Amino acid sequence: MTLVIDYPVIISLIGAILIGLTSGIISCYSVLKEQSLLGDAIAHAALPGLCIAFLLTLNKSPMVLLMGAMSAGLIGTLFITAIIQKSILKEDTALGVILSVFFGFGTLLLTMIQKIPTARQSGLEEYLFGNAASILKSDITIMSILAILIVGSTLLFWKEFKCLIFDPDFFQTQGFSPRKANFILIILTVISIIIGLQSVGVILMSAMIIAPATAARLWQKKLGAMMILSIIFATTSGIAGVLLSSAVYRLPTGPTIVTVISLIVIISLIFSPQGLLRQWIRKKINQRAIRLDSILSNLYTLAKTHDDLTHPHDINTFNVLGEIPPLYLLQKLESDGFIYNHKNNEWGLTNVGISKAIQVLQRVH
Amino acid sequence: MSPIIEIILIGCLVATTAAIPGCFLILRKMAMMSDAISHSVLLGIVLMFFAIKTLHSPLLIIAATITGLVTVVFTEALISSKKMKKDAAIGFIFPLFFALAIILITQYASNIHLDQDTVILGEIAFAPFNRMVWGSIDYGPIAMWVMGIIGLINALFIGCFYKELKIATFDPALASSLGLAPSRLHYGLMACVCMTCVGAFDSVGTILIVALIVTPPATAYLLTRKLSTMILLSIIIGCLCSVLGTILALAIDGSIAGAMCTVAGTLFLLSFLFSPNHGIIHKFYTQKQQKIQFSAILLTIQFLNHQGEDSFEFSIENLIDHMRWSEPFAQKIISYALAKNYIKRNKKAYELTPYGIEVAKNAMASS
């Protein structure tokens with residue numbers, strides 16, 4: 001593993017940063033609008049567009065290919081919308097049909113292109129899994145323009161998009177058209193996917209539309225902060241992917257980027273403030289508190305049959321009322337001064353414990 | 001058998017095997033789950049391939065099916081943990097599995113029979129070369145046997161639990177109140193999808209199988225509303241894709257799997273447009289018809305309200321002005337009303353027939 005930062009690597013890195021910036025932004029909108037699988041479909045649908053653009057022009061410049069990919073992505077989206085609106089089929093089926101059929105058609109065209117003698121080196125296959133090394137300086141110019149378009153419209157329509165996502169009804173009452181705004185968002189989504197196709201590839205690009213915001217959302221609930229975090233995550237994984245794949249022989253860029261961003265999601269899933277670890281700890285604490293409370297209330301219920309409420313009982317009698325409490329919980333209550341140990345297995349409430357038990361019972365009933 | 005017949009036959013088997021669970025998937029709104037499963041089974045195949053160093057072992061199918069089920073379990077766990085929405089959960093797990101599989105392939109398994117292109121395109125064209133030979137007798141291509149067995153398992157599963165699946169699909173609440181264990185049925189179905197994806201991996205590749213799982217049932221759903229008919233139709237459509245796809249691929253010298261998908265997409269588009277009851281052309285036509293009929297009834301009401309007034313009220317000019325209709329539309333409505341005998345000509349203007357009066361009164365009474 002040798003890492004050489006030379007000119008091509010720097011170009012790829014700039015590409016990765018642009019991808020991180022745009023997919024970080026678009027990811028937030030897609031995930032919050034709960035239509036992130038649309039990105040999957042658009043990315044797959046781009047393949048026949050790439051092929052047709054190549055077949056028509058026999059030109060492999062990314063400018064031409066990406067225009068083709070963009071048109072195919074938009075046509076795919078229009079089909080999906082038409083299927084959902086005009087037929088009984090639901091969103092998932094529409095996505096599945098368009099994704100797989102467009103992609104299948106794309107592979108058919110791809111095999112035909114491979115048979116054209118002059119097209120042998122068209123490099124179209126690189127779009128399947130992405131190869132950041134294939135990005136040239138001229139591509140960076142196009143990518144930058146597209147990225148500025150996305151960043152610009154996000155800043156310009158910040159309030160409008162935010163409102164559209166969180167309260168589409170209010171958005172409409174303010175005199176905006178949700179349909180038009182959605183369409184603009186979809187065009188921006190297509191553009192951001194197009195930017196990533198060269199490095200990440202059509203098959204895995206969907207991960208860049210889903211993962212960054214999914215991870216960011218676990219840390220931040222405010223849209224602005226979430227978006228910045230999402231951009232940071234996406235950019236980090238882009239840079240890591242480019243560096244790793246240029247250092248390790250034959251390591252494909254796209255899958256590497258996706259693996260890194262997935263690791264970020266997994267880490268966020270476990271360790272973020274909303275994460276599983278904290279949720280698990282909180283659950284354990286609550287369970288313990290409930291068990292402690294139930295020991296007190298059970299002791300109180302047993303003691304009520306006696307004149308003296310501090311009357312001790314054998315904890316084995318607890319099996320009538322539920323579980324027999326483990327010793328460590330009893331010792332915890334004892335050290336808190338709620339109960340006392342009469343002898344061996346017999347425990348009774350203290351006066352503090354009695355009032356605590358009454359509180360618990362009042363809270364329950 | 002000639003190789004081409006064998007290819008078509010394998011294609012039909014793949015399509016049939018895929019269509020059976022596919023119908024239930026799209027009815028249960030889980031079509032994208034097949035996309036997730038078909039991508040992630042690759043990881044199972046690759047890992048098992050490293051363990052046993054051959055692509056021709058039932059162990060591969062088992063390992064891959066387990067990976068597929070792991071994907072389903074993880075995805076559902078993520079959804080129920082409320083940390084992710086359904087779409088994000090489906091779209092998060094499988095790219096990771098797929099990316100890991102691709103990295104493993106490119107790093108450790110290139111030049112062996114497992115490369116990126118086979119993974120995506122599959123090579124059904126080579127399927128007839130891998131033959132099942134027992135003793136000295138040739139029993140046909142291995143792929144045919146594998147798909148045949150998986151198809152049989154799918155058919156048996158759906159056949160045995162047809163009623164239960166039907167209830168669980170259309171009325172999950174009823175299914176669980178009847179004690180049908182919808183979640184066990186669900187995992188059974190998912191196991192069928194996993195096995196189908198794995199079995200088809202060799203022949204049509206890991207992504208194009210999605211086309212065969214989702215598209216023929218979606219096409220059939222546009223044509224019928226009865227579950228059994230839908231399953232049957234989607235099998236027929238799937239086989240049609242195989243036959244026409246192979247012919248198309250041979251004609252233009254392209255990938256057979258890609259051609260099958262293209263045919264599947266074309267058939268879907270045709271039924272989307274022309275389906276007798278649910279196609280958009282039929283819908284468009286009915287809507288137009290309804291609009292004309294409604295407008296004609298409005299016309300009778302308008303005439304009834306102005307009965308006995310100046311004849312100008314009954315002229316086309318007045319309709320254009322009053323009802324805000326365009327002239328061609330007003331002409332169309334007038335001729336429709338004349339044909340239906342709602343109105344008749346009276347010199348320059350029109351007047352209601354007794355039948356027309358009755359229609360207008362009925363319409364006003366019912367509104």
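Mentor: Let us begin with Asn341(B), which at 42% relative accessibility counts as partly exposed (buried means under 20% relative accessible area, exposed over 50%, and partly exposed in between, with a 1.4 Å probe and protein chains only). This is a predicted model, in which local features need pLDDT of at least 70, side-chain atom pairs count only at pLDDT 80 or more, and totals for chains, interfaces and linings use all residues, while side-chain values rest on heavy atoms, with hydrogens and water left out. Residues are numbered from 1 along each chain as its sequence is written, and chains are lettered from A and ligands numbered from 1 in the order in which they are written.

Asn341(B) is found in the loop between α15 (327-339) and β3 (343-346) of chain B (helices, H or I with at least four residues, and strands, E with at least two, are DSSP runs numbered from the N terminus). The phi of Asn341(B) is near 65 degrees, a positive value in a residue other than glycine. Most residues other than glycine have a negative phi.

Lys82(B) also has a phi near 65 degrees, again a positive value in a residue other than glycine. Lys82(B) sits in the loop between α3 and α4 of chain B and is exposed, with a relative accessible area of 72%. A further positive phi, of about 65 degrees, belongs to Gly135(B), in the turn of the hairpin that β1(B) and β2(B) form with two residues between them. The two strands, β1 (131-134) and β2 (137-141) of chain B, pair in the antiparallel sense over three bridges (two strands pair if DSSP finds at least two bridges between them), and Trp134(B) stands opposite Ile137(B) in β2(B).

Chain A has an open sheet of three strands in the order β1-β3-β2, with antiparallel pairing. Its edge strands are β1 (313-314) and β2 (339-343) of chain A, each of which pairs on one side only. Between β1(A) and β3(A) (residues 346-349) the antiparallel pairing runs over two bridges, and the bridge partner of His313(A) in β3(A) is Trp347(A).

Over all chains the count comes to four salt bridges (a side-chain nitrogen of Lys or Arg within 4 Å of a carboxyl oxygen of Asp or Glu). In one of them the side chains of Glu34(A) and Lys85(B) meet at 3.4 Å, N to O; Glu34(A) lies in the loop between α1 (7-32) and α2 (37-57) of chain A and Lys85(B) in the loop between α3 (58-80) and α4 (86-109) of chain B, so the pair joins two chains. Glu34(A) is partly exposed, with a relative accessible area of 41%, and Lys85(B) is partly exposed at 34%.

Another salt bridge brings together the side chains of Asp253(B) and Lys115(A) at 3.6 Å, N to O; because Asp253(B) lies in the loop between α11 (227-252) and α12 (256-274) of chain B and Lys115(A) in helix α4 of chain A, this pair joins two chains. Both partners count as partly exposed, Asp253(B) at 45% relative accessibility and Lys115(A) at 46%. A further salt bridge links the side chains of Asp336(A) and Lys332(A) at 2.8 Å, N to O; Asp336(A) is partly exposed at 36% relative accessibility, and Lys332(A) is partly exposed with a relative accessible area of 28%.

Helix α4 of chain B also contains Ile90(B), which counts as buried at 6% relative accessibility. Ile90(B) and Ala36(B) are 54 residues apart in sequence and 6.6 Å apart in space, C-alpha to C-alpha.

Finally, turn to the nonpolar surface of chain A. Trp219(A), Leu263(A), Ile267(A), Ile270(A), Phe271(A), Leu276(A), Leu277(A), Trp280(A), Ile281(A) and Ile285(A) form a nonpolar patch with about 940 Å² of accessible area together (patches are made of residues with over 30% relative accessible area and no salt bridge, with like charges joined within 9 Å and nonpolar side chains, namely Val, Leu, Ile, Met, Phe, Trp and Tyr, within 5 Å; accessible areas come from the Shrake-Rupley method with a 1.4 Å probe, and for residues only the protein chains shown count as cover). The elements that give two or more residues to this patch are α12 (253-271) and α13 (276-303) of chain A, and α13(A) supplies the largest share, five residues. Ile281(A) lies in helix α13 of chain A and is partly exposed, with a relative accessible area of 40%.
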